[in-house]
Amino acid sequence: MAKKRKPPSIKGDPRIHDPHFKGPIVNRSCTDVLCCMIFILFIIAYILLGLVAWVNGDPRRVAYPTDSQGHFCGQKGTPNENKPILFYFNLLSCTSPSVVVNLQCPTRQICVSKCPEKFLTYMEIQFMYRKDRNDWTYYSQFCKSALLKPAKTLTQVLLDDDCPTAIFPSKPYLQRCFPDFSTKNGTLTVGNKTVFEDGSGKTRNAVELRAAANGINKVLDARAIGVKVFEDYATTWYWILVGLTIAMLLSWMFVILLRFTAGFLFWLFTFGVIGIIAYGIWHCYREYSNLQGQPNSHLTVFHIGIQTDISMYFQLKQTWFAFMIILCILEVFIILMLIFLRDRIRISIALLKEGSKAIGYIPTTLIYPVLTFIFLSICISYWAVIAVYLATSGVPIYKVIAPEGQCKHENKTCNPEIFNTTEIAKACPGAQCRFAFYGGKSLYHQYITAFQIFNLFVFLWLINFVIALGQCALAGAFASYYWALKKPDDIPPYPLFTAFGRAIRYHTGSLAFGSLILAVVQMFRLILEYLDKRLKQAQNNISKFLKCCLRCCFWCLEKAVKFLNRNAYVMIAIYGKNFCRSARDAFNLLMRNILKVAVMDRVTDFVLILGKILVAGCIGVLAFLLFTERLPMIIVGPTSLNYYWVPLLTVMIGSYLIAHGFFSVYAMCIETIFICFCEDLERNDGSTEKPYFITPTLHGILNKKQLVPQKQKE
């Protein structure tokens, strides 16, 4: 009789010595209560911040354009109710370096009911007014205030900024008057003219106006594309929904088929990679042999030095020889890994099959990603709304703007009512007091930036908490499956609902603790990215190197924290301990099985990524054939699409996200079963008193490793 393998004795760990353990602990107590209270306080503060932002903010400031006085164009109940469009007095001044954000140019902006439709200058109107006053009536609607007649001289008009010196044909877009550009015989025109008077005695052409409105015209150019994309979505929405539904069914089928084909898929693609590398070795050897007999075959990298033409290096024997050596080392490494880790690979494949079986017994777990999606949508929407309300809080703030950008008082705050009587107007001729943004001097307005940072931090915390809640609930459900001795008879009723309730009732603090750590790391990464963007022009080689090192370190730290958190949530779902103890137990357990962890993670990731690509690729091929009208004999799809790639990419990305939702459940299932599997090996010895909870498939693999002789089970 073979000697029984004794489980390792871990002092002070009652889990190993409890002979009555039958699955997730039922009698629990609340864990990490302090963190739970802090989390609740942060949520209350987040709600209060939303209320304060809602009282002080005004999202209409985003929806409506704002004139130079800070008044909304088109807002009901105001003098501008019937004037929904913003008009620029002198759009040519938008080439000035003092152009500010949100289309704020150093020129007066007023609200109008419609855009100009013809060319007119103020001097022309003065001459035409003597014969026909109707032209002045048309022109005066683009002036700051109603003037009875054009009595002022051009100099006085420019000084008082009452009227534009010229108007030209324009069209409204984004509630703003933009030049009506068109192309005639390859020449850019405005209102069918290539040149026009700017009202100040100069002749301008359409190219100059185009340069002045270059940034705005990028939006104009996108207008036609936007309309066509909308038309394509309106035509293909039904087929997009059909494609996403098929993606959901394919994902379900793939999870089921993994139960029977996981090993086949893994070995098929593993040998495929080996074959591709072998072909690369042969190709490198052939190129090396062909260059062997050429006259310049003795040349090396040191002879030709650094070349901008990379193809020069492919003319060297040394290059192909180096490639061949690298590929040979990679090939040998993969083959040795397969030889020495073949047993652990077989265990990983068996775990993949076991995961499919578990999901088959608890199919409600495949619906849980929908609940996670709803929670995440709520968090994202709340964060976006608060961000908008905070950004639009305050009163209009006016700043000094100099057309030439050479005034020392530029960007100082000012009062438009008395600006012309101040010293700034005298010191900087041509300077203007224009609306810049919304702000204030109250305590609330001074801390708007801090509130935005708080909004972002709590958003990250909530997002990670929602994900942690899903992982803990799924882990509890799959742990109930594993620790059922007779499957599926011993699986408790409603395992997912029960695990979700336990996680909310007892372990909100622990989940909040883990998600807080991850949120802090992510916040540091975002701050680092923000500083990188702000200081990009002032960076030298050393700072760039340090920045890359920090980004790499924080990326690795985030991945490590996510991995440890996920395994800690599994331990919390099973044993009901606090976060730190669960993380410690999970870490120690994984370190005692480090090779199994490494192989299992890689095999699982490989198969699941393959599944995502397979689902998205299959749907993408079908969508391509349908949207390009290549299946007319089988099915008639949408015709006359402007851009077939718009619905195609939508279907492919949507299919990938659906597959990711399904396979995230699968990945959590595998990880939970693996941890339970490692615990099972340490807790039990396969005897009648301490039987293994593993299934016969895994048991058979372990028998071949002589860990548990079959006769001990009898």
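Ala, Val, Leu, Ile, Met, Phe, Trp, Tyr, Cys and Pro count here as nonpolar, Asp, Glu, Lys and Arg as charged, and the others, Gly among them, as polar. This is a predicted model, in which local features need pLDDT of at least 70 and side-chain atom pairs count only at pLDDT 80 or more, while totals for chains, interfaces and linings use all residues. Residues are numbered from 1 along each chain as its sequence is written, and side-chain values use heavy atoms, with hydrogens and water left out.

**Cavities**
- A cavity is a set of points, on a 1 Å grid over the protein atoms alone, where a 1.4 Å probe fits but cannot get out, and its lining residues have an atom within 4 Å of a point.
- Grid points are joined across faces, edges and corners, and a volume is the space filled by probe spheres set on the points.
- The count comes to two cavities of 30 Å³ or more.

**Largest cavity**
- The largest cavity has a volume of about 80 Å³, and its lining includes Phe-87, Tyr-88, Pro-116, Ile-167 and Cys-177.
- Strands E1 (85–88), E4 (166–167) and E6 (176–179) are the elements that give two or more residues to this lining, a strand being a DSSP run (E, at least two residues) numbered from the N terminus.
- The lining residues divide into 10 nonpolar, one polar and no charged.

**Second largest cavity**
- The second largest cavity, with a volume of about 30 Å³, is lined by residues including Arg-28, Cys-472, Arg-502, His-507 and Ala-573.
- Helix H15 (448–482) and helix H16 (495–506) each supply at least two residues of this lining, where a helix is a DSSP run (H or I, at least four residues).
- H16 gives the most, with three residues.
- By class, this lining has four nonpolar, two polar and two charged residues.

Terms used: On a 1 Å grid over the protein atoms alone, a cavity is a set of points where a 1.4 Å probe fits but cannot get out, and a pocket is an open set with protein on both sides within 12 Å along at least five of seven lines; lining residues have an atom within 4 Å of a point.
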